[in-house]
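Here are my notes on the model, written as numbered points. Keep the structure open beside you as you read.

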Protein chains: 2
Amino acid sequence: MSTTVASVQFEPVFGAVDSNIERMEKLTREASAKGAKLVVFPELCTSGYMFSSRSEAYAYAQPANGETYRIIQELCSQLGVYVVYGFPERSEDNALYNSAALVGPTGLLGVYRKNHLWNEEALYFEPGDKGFPVVNTEIGKLSMLICYDGWFPESFRECALGGADIICMPTNWVPIPGQREGEQAMATILAMSNAHENGLFVIAADRVGVEREQPFIGQSVIVDHTGWLLSGPASDQHEQILYADIDSGTARRQRCWNNFNTPLRDRRPDQYSRSVSRPI
Amino acid sequence: MSTTVASVQFEPVFGAVDSNIERMEKLTREASAKGAKLVVFPELCTSGYMFSSRSEAYAYAQPANGETYRIIQELCSQLGVYVVYGFPERSEDNALYNSAALVGPTGLLGVYRKNHLWNEEALYFEPGDKGFPVVNTEIGKLSMLICYDGWFPESFRECALGGADIICMPTNWVPIPGQREGEQAMATILAMSNAHENGLFVIAADRVGVEREQPFIGQSVIVDHTGWLLSGPASDQHEQILYADIDSGTARRQRCWNNFNTPLRDRRPDQYSRSVSRPI
């Protein structure tokens, strides 16, 4: 039984939390009307990304079960859909995290705190402290990763070893060193290879536009468990919703490749002596 | 100071060890004449790949410092080059390994035993037991990986965390599940993403041809430390030598991306709780 999933590439307006959430609501209704059961939004899409001070980030942050959650949850309940979105999270003890929430018809199902912070995020946010949660849902086991997490194959492995079938990846991809003009974005090549290596789906929802002089590259993708693109790359300039039909059963069925090889089980931790220690 | 490196895609003849080595000698001379200082050959290129019994594999296997080594070493000494080649290794206690040797002008510099065995290799070979060696040379720190190792990001990470600048990857890539007609081979996409994630060069030398009904896909590549192709993919049918000029200093200089991020140092082992244990 396949499920329709959607990656919503859109352009949040910095600081306009109320209208960003109104737009998310409208886009979720649009995706749901096309049959989507799981809808993924970009990183920090409620607030925008380019904070200039911690107090500014603090002002836009909310608890994971705060006002934004309540609005999105009511929508999920009404439409019978699952929504993943990135938001600045304020913890009970006032720490800030660059987080993603998985909300379903019945409530808040999971929160992921970005483990690998990019650039000046380190000025405002704390690095994640809750590992890589895997959440059971009716459509399979879901995990979340955020943007720069995608540069670390360890991120995908942690999710896969926890049994994840689908990675929901809110992102705010920026231009990176070495990217070649006219070639597929390296960010999406990483999503493909990690999907392939782990036999799971990746739904990457990026933003577009320029915010406080920082350009974002769009090119959202939905990747098959074989590593090939099911949908996208989306435009590098415009808002766009990508759709694909996926089946977590197919991914699980095909994880055994022959009589000897099931790649996820062929790891050799006894020979991985260096990667268990921190190099600095 | 850049170094010219070569990936030699060729078609060994099964069981014809003497003539395979003669061809390797000729191809090394050709690459050296074009300025190559490091020459990489495919997996099991001295013997061929499709063994039908352990006794057959045993018959073609040699110690790492055996007759094949002596011929290649004399050549390296004469030409002042480094050669990496795949061969069936027979250990002192008669175990067989699918190995690669790094031979230089001064002798045997390193042996790598394939850690992730593919399909029926498990009938004839033991899985590697020596981790992922990193070898200091005048052109940088070199590691070796073999074919299916490339499906495990842990392989590249182990080399990178040991300081490797260049991964020499003898391979015998076969068609895999999910590969799409007319698209770049997933094997080479994995090489690109792992080069990018670790900021190191990958020289993948594949074979071509059909051996005992098993086709091989060619498409050898040399990948930059940014993840982009420097040379290749080579033909999927024909023998071919790829060349590229690489500089390990450039890779090291560019591993710091901004004031906050040096990807190799941004790992979060404290949050990688699942990948340190074996899932089966």
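1. Between chain B and chain A, 37 residue pairs are in polar contact, both residues being at pLDDT 80 or more. (A polar contact is a pair of N or O atoms within 3.5 Å; within protein, one must be able to donate a hydrogen and the other to accept it, and residues adjacent in sequence count only if both atoms are side-chain atoms.) On chain B, the elements giving two or more residues to the side that touches chain A are H4 (121–124), H5 (153–161), H6 (186–198) and strand S13 (229–231). H6(B) gives the most, with 8 residues. Helices (H or I, at least four residues) and strands (E, at least two) are DSSP runs, numbered from the N terminus.

2. A word on the ground rules. This is a predicted model, where local features need pLDDT of at least 70, side-chain atom pairs count only at pLDDT 80 or more, and totals for chains, interfaces and linings use all residues. Residues are numbered from 1 along each chain as its sequence is written, chains are lettered from A and ligands numbered from 1 in the order written, and side-chain values use heavy atoms, with hydrogens and water left out.

3. How many residues does each chain bring to the contact? Chain B brings 69 and chain A brings 68, contact meaning heavy atoms within 4.5 Å. The copies meet through the same surface, because 99% of the interface residues of chain B are also interface residues in chain A.

4. Salt bridges turn up here too: the rule finds 4 across the interface of chain B and chain A. (That rule asks for a side-chain nitrogen of Lys or Arg within 4 Å of a carboxyl oxygen of Asp or Glu.) Glu154(B) forms a salt bridge with Arg157(A), with the closest N and O atoms 2.6 Å apart.

5. Now look at His116(A), in the loop between strand S5 (107–113) and helix H4 (121–124) of chain A. Is His116(A) buried or exposed? It is buried, because its relative accessibility is 1%. (Buried means under 20% relative accessible area, exposed over 50%, partly exposed in between, using a 1.4 Å probe and protein chains only.) Its side chain makes polar contacts with the side chains of Asp149(A) at 2.7 Å and Tyr272(B) at 2.6 Å. Leaving out residues up to four places away in sequence, His116(A) also touches others, including Phe132(A) and Arg267(B).

6. Compare Thr68(B), which sits in helix H3 (residues 67–79) of chain B. Thr68(B) is buried as well, at 6% relative accessible area.
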